[in-house]
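Morning, everyone. I'll take a few minutes on helix packing. Please have a look at the model first.

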Amino acid sequence: MSFAQIQQRRLSDDIVEQLETMILEGVLQAGERLPAERKLAEQFGVSRPSLREAIQKLAAKGLLVSRQGGGNYVSNQVGTTFSDPLLALLAGKANAQKDLLEFRHTLEGACAYYAALRATPADHQRLDLAFAQLESCYANSADSCRTEEGLADACFHLAIAEASHNIVLLHTVRGLFEVLRGNVMTNIGGMYPQRSETRTMLIEQHRALYQAIKAGQAEQARRLSNQHIEYVCEVLAEVDEEQLRLQRSQRRKGV
């Protein structure tokens, strides 16, 4: 009978594993600078040579970028779900914006469901802050606030994704963050003139979703998330129909 020799793990491999987990779970985000090597070695309780070896391994994998005299950073590629040219296409095409709403229906519903099931007290605190910021934007009716409102809305849904503790959902939302923010801004730009009650409806929908997640009501959270997107689709469909009617009228006028 023969036995395979047990390979002893290098200390640097343990450091690599911990850092990879932190990147995967979103604790370390794309573009974020790691603490100085001396401080990081102290936090891990390892020698600086072992830490440097781990950083080199992560850099070889494309997860970290080392800048001469500037420290070590999480690669920006970590946060790229789609290529930048494709993101630009998504942001600029009307039909793609509709497809994005359909995608959000599934994506955000799943995030809300798992967030209600899994959110920790720390997640609840982040949700509290994100919702308070969104509520503050809704309180400001000025058109100039729409940029801030789009950002606050996207940040609120990102906080929900973080609370879901599903790393695939989290990185998908993070990778599409700018597109989601732009989608919100485009939507409210068409919705607010269409229905006078839209702003009130949106804040009530977000508040109900927030409360369901905080209460741990998973199915209710998913249902409310879906209803929110369905409402947005309904109002935007009215906008499109009205624009078609105006175009027909203008064509008849020109005959």
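Let me start with a crossing. H7 passes H8 in a left-handed crossing. Keep in mind that this is a predicted model.

Who makes that contact? From H7, the residues are Leu158, Ala161, Glu162 and Ser164. From H8, they are Leu169, Leu170, Val173 and Arg174. By class, that contact of H7 with H8 has 5 nonpolar residues, 1 polar and 2 charged.

Now the geometry. Two packed helices are described by the angle between their axes and the distance between the axes. H7 covers residues 146–164, and H8 covers residues 167–175. Their angle is about 160°, and their axes are 8 Å apart. The cut-off for roughly antiparallel is over 145 degrees, so H7 and H8 are roughly antiparallel to each other.

Next pair. H7 also packs with H10, which spans residues 198–214. How do the axes of H7 and H10 cross, and within what distance do they come? They cross at roughly 20° and come within 12 Å. Under 35 degrees counts as roughly parallel, so that is the label for H7 and H10. The crossing of H7 and H10 is left-handed.

On the H7 side, the contact uses Glu149, Asp153, Phe156, His157 and Ile160. On the H10 side, it uses Arg199, His206, Leu209, Tyr210 and Ile213. The contact of H7 with H10 divides into 5 nonpolar, 2 polar and 3 charged residues.

Is histidine 206 buried or exposed? Its relative accessible area is 1%. Buried means under 20%, so histidine 206 is buried.

What is histidine 206 in contact with, leaving aside its neighbours within four places in sequence? The list is Phe131, Leu134, Tyr138, Asp153, Phe156, His157 and His228.

Now zoom out to the chain. There are 11 helices and 2 strands. Along the sequence, the pattern reads α-α-α-β-β-α-α-α-α-α-α-α-α. The chain has 255 residues, and 39% of them count as buried.

Last, the surface. The accessible surface of the chain is about 14,600 Å². Carbon and sulfur atoms hold 52% of that.

That's my tour. Over to you.

Note on methods. Residues are numbered from 1 along each chain as its sequence is written. This is a predicted model: local features need pLDDT of at least 70, side-chain atom pairs count only at pLDDT 80 or more; totals for chains, interfaces and linings use all residues. Side-chain values use heavy atoms; hydrogens and water are left out. Axes are lines fitted to C-alpha atoms, for helices over the stretch in contact, and angles run from 0 to 180 degrees between N-to-C directions. Helices (H or I, at least four residues) and strands (E, at least two) are DSSP runs, numbered from the N terminus. Angles under 35 degrees count as roughly parallel, over 145 as roughly antiparallel, 65 to 115 as roughly perpendicular and the rest as oblique. A crossing is left-handed if the near helix is turned anticlockwise from the far one by less than a right angle, and right-handed if clockwise. Contact means heavy atoms within 4.5 Å. Ala, Val, Leu, Ile, Met, Phe, Trp, Tyr, Cys and Pro count as nonpolar, Asp, Glu, Lys and Arg as charged, and the others, Gly among them, as polar. Buried means under 20% relative accessible area, exposed over 50%, partly exposed in between (1.4 Å probe, protein chains only). Accessible areas come from the Shrake-Rupley method with a 1.4 Å probe; for residues, only the protein chains shown count as cover.
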